[in-house]
Amino acid sequence: MKSTRWLWRTVGFAALLSTVLCAVGFAYGINQIIFPKPVARDATEAPQQPAAKPKTDNWEAKDQIRIVALGDSLSAGTGDLSGKGYVGDVRDKLEKQLGKPVFVYNNFAIPGYRTADLLKDWDKKADIAKSLAEADLVLLTIGGNDLFQGGAGIFSSGDGSNSTTGADSSKSQTSQSIQGAEAPISTPGSPDQEAGAGFNPKAAAERIPDALKRLEQIFDRVSKASPHARIFYVGLYHPFLDLDPQREGAPVIQQWNAAAFDLANRYSNITVVPTYDLFQLNLNKYLYTDHFHPNQDGYDRIAERIVETLK
């Protein structure tokens with residue numbers, strides 16, 4: 001009797017234990033279905049991380065927006081008597097659009113700079129890359145001085161006379177400091193600005209290949225230094241339309257802009273902002289008295305296009 005009693009007790013205990021284990025296993029299975037855990041991966045297998053939303057798409061979550069500008073006199077604002085230039089206009093318009101503080105964190109633009117100057121400056125100043133790393137928006141203008149070089153060789157002589165009068169005298173001012181270059185203003189009778197002088201697109205076209213190589217280096221450096229920022233490169237316009245009645249310079253400017261677009265297309269965070277059309281039909285309205293830089297209204301138009309692109 002005793003052995004039978006212990007046998008039944010053992011069977012009963014085993015049955016109870018099995019029931020408890022089944023209940024625990026059932027509860028664990030339900031928990032895994034409702035709250036699944038990540039599957040462990042082999043150490044040699046490349047982890048597949050979910051695509052993180054880039055910072056460039058999350059401006060709404062930021063308390064403030066930082067702008068960093070670099071390049072030549074257009075980013076420096078030469079020609080805008082208010083002193084803001086398009087960089088300051090972008091700041092004002094963007095702050096109004098976003099409803100939060102927008103700051104020009106740093107502006108490294110130097111009048112007269114060419115692509116080679118910007119690269120040299122970058123190598124000498126560690127704070128350029130540091131500032132770009134903290135930027136939300138990067139604004140860049142460069143290349144105009146490479147093509148025009150202060151007017152040197154840009155103007156071909158017409159009838160060979162050595163005097164300029166009337167309208168031709170006013171046009172002699174166009175060979176001065178292009179995009180801020182430190183070139184002297186041509187005087188009447190100078191080789192670059194004889195009577196009947198006109199825009200010589202060949203001189204600009206010959207400078208494009210080398211300048212584009214340096215522009216590619218600039219794009220690469222800026223993109224890597226500001227991987228989470230939106231980078232806007234402002235394209236070139238044709239300031240000499242009134243000296244170029246056959247529009248021979250248009251293909252040259254467009255060649256540069258098209259090449260810049262192709263370069264920018266290699267980087268997900270670089271956008272080319274076209275400006276050629278802004279000035280094409282409003283040259284006198286939007287140019288400063290130096291016949292090259294935008295005036296206050298011209299810079300405002302550039303800023304409008306940038307902010308519209310940002311929407």
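Predicted model: local features only at pLDDT ≥ 70, side-chain atom pairs only at ≥ 80, totals over all residues.
Buried denotes a relative accessible area under 20%, exposed over 50%, and partly exposed the range in between (1.4 Å probe, protein chains only).

View 1. Ser75 is buried, with a relative accessible area of 2%. Ser75 belongs to helix α2, residues 73-76; helices (H or I, at least four residues) and strands (E, at least two) are DSSP runs, numbered from the N terminus. The side chains of Ser75 and Thr141 form a polar contact of 2.8 Å, that is, a pair of N or O atoms within 3.5 Å, of which, within protein, one must be able to donate a hydrogen and the other to accept it, residues adjacent in sequence counting only if both atoms are side-chain atoms.

**View 2. Tyr86 in the largest nonpolar core.** A nonpolar core is a set of buried Ala, Val, Leu, Ile, Met, Phe, Trp, Tyr and Cys residues joined through side-chain atoms within 4.5 Å. The largest has 71 residues, of which Tyr86, Leu139 and Ile306 touch the most other members. Beyond its neighbours within four places in sequence, Tyr86 has contacts (heavy atoms within 4.5 Å) with residues including Ser75, Leu139 and Ile306.

**View 3. Leu147 and Ala204.** Leu147, in helix α6 (residues 144-148), is buried at a relative accessible area of 0%. The C-alpha atoms of Leu147 and Ala204 are separated by 4.7 Å, although these residues are 57 residues apart along the chain.

**Notes.** Residues are numbered from 1 along each chain as its sequence is written, and side-chain values use heavy atoms, with hydrogens and water left out.
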